[in-house]
Amino acid sequence: MADEELEAIRRQRMAELQAKHGDSANGQGQEEAKQRDNDMRNTILAQVLDQSARARLSNLALVKPEKAKAVENYLIQMARFGQLGGKISESGLIEILEKVSQQTEKKTTVKFNRRRVMDSDEEDED
């Protein structure tokens, strides 16, 4: 009876280890896929942008990563559809940044809700 319990514990422990190992292998595969995707993005951007434009884009990524990601996606999409004639210079990148900024510009409005409060002056006059 003790051997059966010991065997059950061993099987349970082995199943836990296999599950843990399987999860790490799956996570490792996802990590490799992210790395390949990132490498592909960098390769396309290197082909599309000249050195000064890449420097500006990397500086933008430090300050505003969301906007830099949007511009990268825009450039990659244009490159895939063959809409780019050659390498984009820094001035061309600035124009693209202005377009993206206009499209994603957020309009903020402030609305004041004033509450009507009874005047204390009316009470004093009585």
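What pattern does the chain follow when read along the sequence? The chain follows α-α-α-α-α, with five helices and zero strands; helices (H or I, at least four residues) and strands (E, at least two) are DSSP runs, numbered from the N terminus. This is a predicted model, in which local features need pLDDT of at least 70 and side-chain atom pairs count only at pLDDT 80 or more, whereas totals for chains, interfaces and linings use all residues. Residues are numbered from 1 along each chain as its sequence is written, and side-chain values use heavy atoms, with hydrogens and water left out.

**The chain as a whole**

- Of the 126 residues of the chain, 16% count as buried, that is, under 20% relative accessible area, with exposed being over 50% and partly exposed in between (1.4 Å probe, protein chains only).
- Among contacts (heavy atoms within 4.5 Å) between residues at least 6 apart in sequence, 69% join residues at least 24 apart.

**Packing of H2 with H3**

- Helix H2 spans residues 51-63 and helix H3 spans residues 65-80.
- The angle between H2 and H3 is about 140°, and their axes are 6 Å apart; axes are lines fitted to C-alpha atoms, for helices over the stretch in contact, and angles run from 0 to 180 degrees between N-to-C directions.
- H2 and H3 are therefore oblique to each other, given that angles under 35 degrees count as roughly parallel, over 145 as roughly antiparallel, 65 to 115 as roughly perpendicular and the rest as oblique.
- On the H2 side the contact is made by Leu-57, Leu-60, Ala-61 and Val-63, and on the H3 side by Pro-65, Lys-67, Ala-68, Val-71 and Glu-72.
- By class, this contact of H2 with H3 has seven nonpolar, no polar and two charged residues; Ala, Val, Leu, Ile, Met, Phe, Trp, Tyr, Cys and Pro count as nonpolar, Asp, Glu, Lys and Arg as charged, and the others, Gly among them, as polar.

- Helix H4 (residues 90-103) packs against H3 at an angle of about 115°, with the two axes 10 Å apart.
- H3 and H4 are therefore roughly perpendicular to each other.
- H3 contributes Lys-67, Ala-70, Val-71, Tyr-74 and Leu-75 to the contact, and H4 contributes Leu-93, Ile-96, Leu-97, Val-100 and Ser-101.
- The residues of the contact of H3 with H4 comprise eight nonpolar, one polar and one charged.
- H2 and H4 cross at roughly 40°, and their axes come within 8 Å.
- The contact of H2 with H4 is made by Ser-52, Ala-53, Arg-56, Leu-57 and Leu-60 of H2 and by Glu-90, Leu-93, Ile-94 and Leu-97 of H4.
- Its residues divide into six nonpolar, one polar and two charged.

**The Arg-41 and Glu-72 pair**

- Arg-41 lies in helix H1 (residues 2-48), while Glu-72 is placed in helix H3.
- Arg-41 counts as buried at 11% relative accessibility, and Glu-72 counts as buried at 15%.
- The side chains of Arg-41 and Glu-72 are joined by a polar contact of 3.0 Å; a polar contact is a pair of N or O atoms within 3.5 Å, where within protein one must be able to donate a hydrogen and the other to accept it, and residues adjacent in sequence count only if both atoms are side-chain atoms.
- Leaving aside neighbours within four places in sequence, Arg-41 is in contact with Lys-69, Glu-72, Asn-73 and Ile-76.
- With neighbours within four places in sequence likewise left aside, Glu-72 is in contact with Arg-41, Leu-45 and Leu-57.
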